[in-house]
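Visitor: I am new to this protein and would like to be walked through it. Please show me the structure, and then I will ask about its parts.

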Amino acid sequence: MAAYRVTPTFQRVLRAVKHASLRPRCYIISCHSQYSTVYDPHEKTFDKILIANRGEIACRVIKTCKKMGIKTVAVHSDVDSSAVHVKMADEAFCVGPAPTSKSYLNMDAIMEAIRQTGAQAVHPGYGFLSENKEFARRLAADGVSFIGPDTHAIQAMGDKIESKLIAKAAKVNTIPGFDGVVKNAEEAVKIAGEIGYPVMIKASAGGGGKGMRIAWNDEETREGFRFSSQEAASSFGDDRLLIEKYIDNPRHIEIQVLADKHGNALWLNERECSIQRRNQKVVEEAPSTFLDPVTRRAMGEQAVSLAKAVKYSSAGTVEFLVDSKKNFYFLEMNTRLQVEHPITECITGLDLVQQMIRVAKGYKLQHKQEDIPINGWAIESRVYAEDPYKSFGLPSIGRLSQYEEPLNLPGVRVDSGIQEGSDISIYYDPMISKLVTYGSTRAEALKKMEDALDNYVIRGVTHNIPLLREIIVHPRFISGDISTNFLPEVYPEGFKGHPLAAGEQRELLAAAAALHVAAQLRSQRFLGQQRVSSVPQERRNWELCVELDKRVHMLGVSRSGNSYTVEIDGEKVVVSGEWNLASALLPLTINEITLQYLGTSFKVRVLSKLAASLNKLMPEKIPEDTSSILRSPMPGTVVAVSVKPGDTVAEGQEICVIEAMKMQNSMTAAKTAKVKSVHCTAGETVGEGDLLVELE
């Protein structure tokens, strides 16, 4: 089966089907229900819960609250006033302007929202204030329940230095490293030398891949210290750093734990989170292909031991690095609901948000360890508004002009907080959704993920679906041969999209030609009639030129009913289907093979023979000399400018720093030259492609 998405720039004629993809025709129906949890209407919890978050996680919490009969309050910034989570909630309260420090991190405004709405409890989601001990303390002081652990557990596990000491005391395997706070860059270099390279520099209060750098030498340690401390201060208001030995080529496997206020704690199996870019997860699955029952139990028991050591109560996650010999080392504990929690819900049948609410109210856990199953397999793809061709994903902003989730497919779950017309801005995380598929086996879950990605329609922003699809069909991923270095190992030159095989190229060219002709025929009709009635007979044959990857292909096309026969290089390809060009998804069959989405957007240009001959006379656009200019690769904010006109810079020297979605990116010179002009200043907002610096 070949698969692709036709997202061509078919000039003039295919505007209606730009970004069309080809839908598979049939699917196996799954009987799996999402949750086996029973929502007892007589079990009293809270009357009203405020969700101190936004986007998909706020929507996720609201859904469970509705099932439990709990009213909800959404908080929002002024730019989020029409967001989906605001519409879903029973009440909404604006907590400030767009910057997170003035809205979703504004404790005073959120506390005022709680007082004015009468909310009895707060669910923090993940990120923002979810692991902020001061926020939990203020809630407790006002008699408001925090749906999460108490301040002691947040403090103990939120501080990576303290958590490591507690883990050691609880007999949890830990990574060798420095157990104190690193004071400055030179001390970082000294400590790194003592530990031995490579080392991991990371924020003591951090998480989500922010404030984290890998260093292989002294210079990278100095640079890593600077960037990590700045990111940590920006994201968490705490610039303290620690250094530990970097385990090269590990797996990242985490254990979901659930504990109550009565000393009961469970481990809910593992999640494999090794597919990452910039220390942030991209694809997760549960269970892991790597763990055997003995290792799984050992990791689970150590995770529970750590939870009990800090008297943990709520849902939490203990993250481990696992080497090739199945030795595992404690990485950190996240005292909140994880982004990837849905895959655990799929294989256990538990609603983790419901469990968190019950625990916060003081109820005992409903299950014992032997009750926790592994039923089937679940996979999650994080769909981001990112350009996967730039460092595996630099942020993209814009408005979703067209958006269709593949919820018509069985075994598919989409956790999102956006809709058609929503804006993806520079202020918040660029996640569009969490796409989850479930199957009785891993192969079934993977096939459903492939189908779901093929049927996901996103227009208006650049997205990472091409990368996600290439990952899940890659032989190494399918075989389970993965590590945290998967992406740089598989794509050492960066992600380039799907490489077309000869047969796939023919199918793409044939589909492009058939779509071109179908659109041309549609343009000749008006209200079901030929525009020019004097035409004696409808045209049946066409000669076309199709340009793909700067190569021109001569094609002959003939039509019979809803089928088109395309001749390419002496081979005939038959394309048939329902030619509804207004639809974003087209179910087309090529040579009796139903095409699926290959993920990659291919630019295809279809011209008549005459137009192609005239096109040869058009002057070619001279490409820009990128060695002498520096343009912003993404929208963001200029944090620092390190040069001024007249300065001489060396190749690779830092020119400026751009922050996007709280991640800092160093922009460097492409050659040794003198700075001609600087077009940006610190604090300025820039768009993708904006000119930053010119070199002579």
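Guide: A term is needed to begin: buried means under 20% relative accessible area, exposed means over 50%, and partly exposed lies in between. Keep in mind that this is a predicted model.

Visitor: Is E380 buried or exposed?
Guide: E380 is part of strand 16, residues 377-384. The cut-off for a buried residue is under 20% relative accessible area. E380 has 0% relative accessibility, so the residue counts as buried.

Visitor: Which residues is E380 in contact with, leaving aside neighbours within four places in sequence?
Guide: E380 sits in strand 16. Leaving aside the neighbours within four places in sequence, the contacts of E380 are V282, V283, E284, V339, E340, P342, I343, K434, L435, V436 and M449.

Visitor: How many of the residues of the protein count as buried, as a percentage?
Guide: The secondary structure comes to 17 helices and 43 strands. The protein exposes about 28,700 Å², and carbon and sulfur atoms supply 50% of that area. Of the 696 residues, the share that counts as buried is 56%.

Visitor: Among contacts between residues at least 6 apart in sequence, what percentage joins residues at least 24 apart?
Guide: Contact here means heavy atoms within 4.5 Å. Among contacts between residues at least 6 apart in sequence, the share that joins residues at least 24 apart is 66%.

Visitor: In what order do the 8 strands of the open sheet run?
Guide: Strands of a sheet pair through backbone hydrogen bonds, either parallel or antiparallel. In this open sheet of 8 strands the pairing is antiparallel, and the order is 15-14-11-12-13-16-23-21. The edge strands, each pairing on one side only, are strand 15 (328-334) and strand 21 (412-416). From one strand to the next, the twist averages 25 degrees. To end on what was asked, the order is 15-14-11-12-13-16-23-21.

Visitor: What is the bridge partner of V257 in strand 12?
Guide: Strand 11 (residues 251-259) and strand 12 (residues 265-277) are paired over 6 bridges, in the antiparallel sense. In strand 12, V257 has as its bridge partner W267.

Visitor: At about what angle does helix 9 run to strand 12?
Guide: Helix 9 spans residues 293-309 and lies across strand 11, strand 12, strand 14 (314-322) and strand 15. To strand 12, helix 9 runs at about 110 degrees.

Visitor: Where does P287 lie?
Guide: The peptide bond from A286 to P287 is cis, with omega near 0 degrees. P287 itself is found in the loop between strand 13 (280-286) and helix 9.

Visitor: Where is the place of P198?
Guide: The peptide bond from Y197 to P198 is cis, and its omega is near 0 degrees. The place of P198 is the loop between helix 7 (185-195) and strand 8 (199-203).

Visitor: What is the phi of R278, about?
Guide: R278 belongs to the loop between strand 12 and strand 13. At 29% relative accessibility, R278 counts as partly exposed. R278 is not a glycine, yet its phi is positive, at about 55 degrees.

Visitor: And what is phi of S391 near?
Guide: S391 is placed in the loop between strand 17 (386-387) and strand 18 (394-395). S391 is a residue other than glycine with a positive phi, near 55 degrees.

Visitor: How far apart in space are L241 and A203, C-alpha to C-alpha?
Guide: L241 is in strand 10, residues 241-245, and counts as buried because its relative accessibility is 1%. Leaving aside neighbours within four places in sequence, its contacts include I201, K202, A203 and S204. L241 and A203 are 38 residues apart in sequence, while the C-alpha to C-alpha distance is 4.5 Å.

Visitor: Which strands stand at the edges of the open sheet of 4 strands?
Guide: This sheet has antiparallel pairing and the order 36-43-41-38. Each edge strand has a single partner strand, so one side is left without a neighbour in the sheet; the two are strand 36 (629-631) and strand 38 (648-649).

Visitor: What is the bridge partner of V649 in strand 41?
Guide: Strand 38 and strand 41 (residues 673-678) run antiparallel and are joined by 2 bridges. In strand 41, V649 has as its bridge partner A673.

Visitor: About how much accessible area do L610, L614 and L617 have together?
Guide: L614 is in helix 17, residues 609-615, and counts as partly exposed because its relative accessibility is 49%. With L610 and L617, L614 forms a nonpolar patch on the surface, and their accessible area together is about 350 Å².

Terms used. Residues are numbered from 1 along each chain as its sequence is written. This is a predicted model: local features need pLDDT of at least 70, side-chain atom pairs count only at pLDDT 80 or more; totals for chains, interfaces and linings use all residues. Side-chain values use heavy atoms; hydrogens and water are left out. Patches are made of residues with over 30% relative accessible area and no salt bridge: like charges are joined within 9 Å, nonpolar side chains (Val, Leu, Ile, Met, Phe, Trp, Tyr) within 5 Å. Accessible areas come from the Shrake-Rupley method with a 1.4 Å probe; for residues, only the protein chains shown count as cover. A salt bridge is a side-chain nitrogen of Lys or Arg within 4 Å of a carboxyl oxygen of Asp or Glu. Buried means under 20% relative accessible area, exposed over 50%, partly exposed in between (1.4 Å probe, protein chains only). Two strands pair if DSSP finds at least two bridges between them. Axes are lines fitted to C-alpha atoms, for helices over the stretch in contact, and angles run from 0 to 180 degrees between N-to-C directions.
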